Amino acid sequence: MHELGITQGIIDRARDVAVANEAGKVTDLYLAMTPAADFTFESIEMYFEMLTEDDELFRGAALHLEWLPVAATCLRCGSEFSTDVPHPLCPQCGSTAVRPDPTAPMVQLTDVGVDEGD
Ligand SMILES: [Zn+2]
């Protein structure tokens, strides 16, 4: 359930950006996820809706997702490669037993779109 805390962190950072820009609305949140994430984008969307339900600042804001590559290791043949898909196959042996770099960031807020409002 740590997606809840992660989503709250994303919202807090976007709010900081809006406040710094004296914006009346956050219109877009740009997220970059890596295959190191042990949750789905859908769960982030779900918590985002839940957490911003009564929040005027985020009303109608859209989430945009981009996948970033991450280093991964095949647990079967030891091959190391880079991947940007959530459930990668080893390019050497085709195994699904692939471990993404555990130190890689799971999700990052890369940009925030704001509206000055009136
Ligand atoms: Zn392999």
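Colleague: Which residues in H2 are buried?

Modeller: This is a predicted model. In H2, the buried residues are Ile44, Tyr47, Phe48 and Thr52.

Colleague: Why do they line one face of the helix?

Modeller: Looking down the axis of H2, the buried residues fall within an arc of 115 degrees, so they line one face. In general, an α-helix has 3.6 residues a turn, so residues three or four places apart point the same way.

Colleague: What covers the buried residues of H2?

Modeller: The cover includes H1, strand E2 (62–67) and E6.

Colleague: And which exposed residues sit on the face turned away from the buried side?

Modeller: Glu42 and Met50 are the exposed residues carried there by H2.

Colleague: How far does H2 reach, from its first C-alpha to its last?

Modeller: H2 reaches 16 Å with its 12 residues, close to the 16 Å expected at 1.5 Å a residue.

Colleague: Now the core. Which residues of the largest nonpolar core touch the most other members?

Modeller: The core has 17 residues, and those touching the most other members are Ile10, Ala14, Val26, Leu29, Leu31, Val107 and Val112. Two or more core residues come from each of helix H1 (3–20), strand E1 (25–33), helix H2 (41–52) and strand E6 (107–115).

Colleague: Take Val107. What does it touch, leaving out residues up to four places away in sequence?

Modeller: Val107 touches Ile6, Leu31, Ala32, Met33, Ala37 and Ile44. Of these, Ile44 is one of the buried residues of H2, and Leu31 is on the list of core residues with the most contacts to other members.

Colleague: On to strands. How do E1 and E6 run, and how many bridges join them?

Modeller: E1 and E6 run antiparallel, joined by eight bridges. Val26 stands opposite Val114 in E6.

Colleague: And in which sense do E1 and E2 pair?

Modeller: E1 and E2 pair in the parallel sense, over six bridges. Leu29 has Leu63 in E2 as its bridge partner, and Tyr30 has His64 in E2.

Colleague: Is E2 largely buried or in the open?

Modeller: E2 lies largely in the open, because the number of buried residues among its six is zero. E2 is still among the elements that cover the buried residues of H2.

Colleague: Back to H1 for a moment. Is Gly5 buried or exposed?

Modeller: Gly5, which lies in helix H1, counts as exposed because it has 10 C-beta neighbours inside 10 Å. The cut-off for exposed is 12 or fewer.

Colleague: What separates the C-alpha atoms of Gly5 and Leu31?

Modeller: They are separated by 15 Å, and the two residues are 26 apart along the chain.

Colleague: Whole protein, then. How many helices and strands are there, and what pattern do they follow?

Modeller: There are two helices and six strands. Along the sequence the pattern is α-β-α-β-β-β-β-β.

Colleague: What is the radius of gyration, against that of a compact globule?

Modeller: The protein has 17 Å, whereas a compact globule of 118 residues would be near 13 Å. The C-alpha atoms fill a box of roughly 60 × 25 × 20 Å along the principal axes.

Colleague: What share of the residues is buried?

Modeller: Buried residues make up 25% of the 118. As for contacts with a separation of 6 or more, 70% are between residues 24 or more positions apart.

Conventions: Residues are numbered from 1 along each chain as its sequence is written. This is a predicted model: local features need pLDDT of at least 70, side-chain atom pairs count only at pLDDT 80 or more; totals for chains, interfaces and linings use all residues. A nonpolar core is a set of buried Ala, Val, Leu, Ile, Met, Phe, Trp, Tyr and Cys residues joined through C-beta atoms within 7 Å. A residue is buried if 20 or more other C-beta atoms lie within 10 Å of its own, exposed if 12 or fewer, and partly exposed in between; C-beta atoms are placed from the backbone. Helices (H or I, at least four residues) and strands (E, at least two) are DSSP runs, numbered from the N terminus. Two residues are in contact if their C-beta atoms, placed from the backbone, lie within 7 Å. The expected span of a helix is 1.5 Å times one less than its number of residues. The arc is that of the directions from the helix axis to the C-beta atoms. The radius of gyration is taken over C-alpha atoms; the globule rule is 2.2 Å times the number of residues to the power 0.38. Two strands pair if DSSP finds at least two bridges between them.
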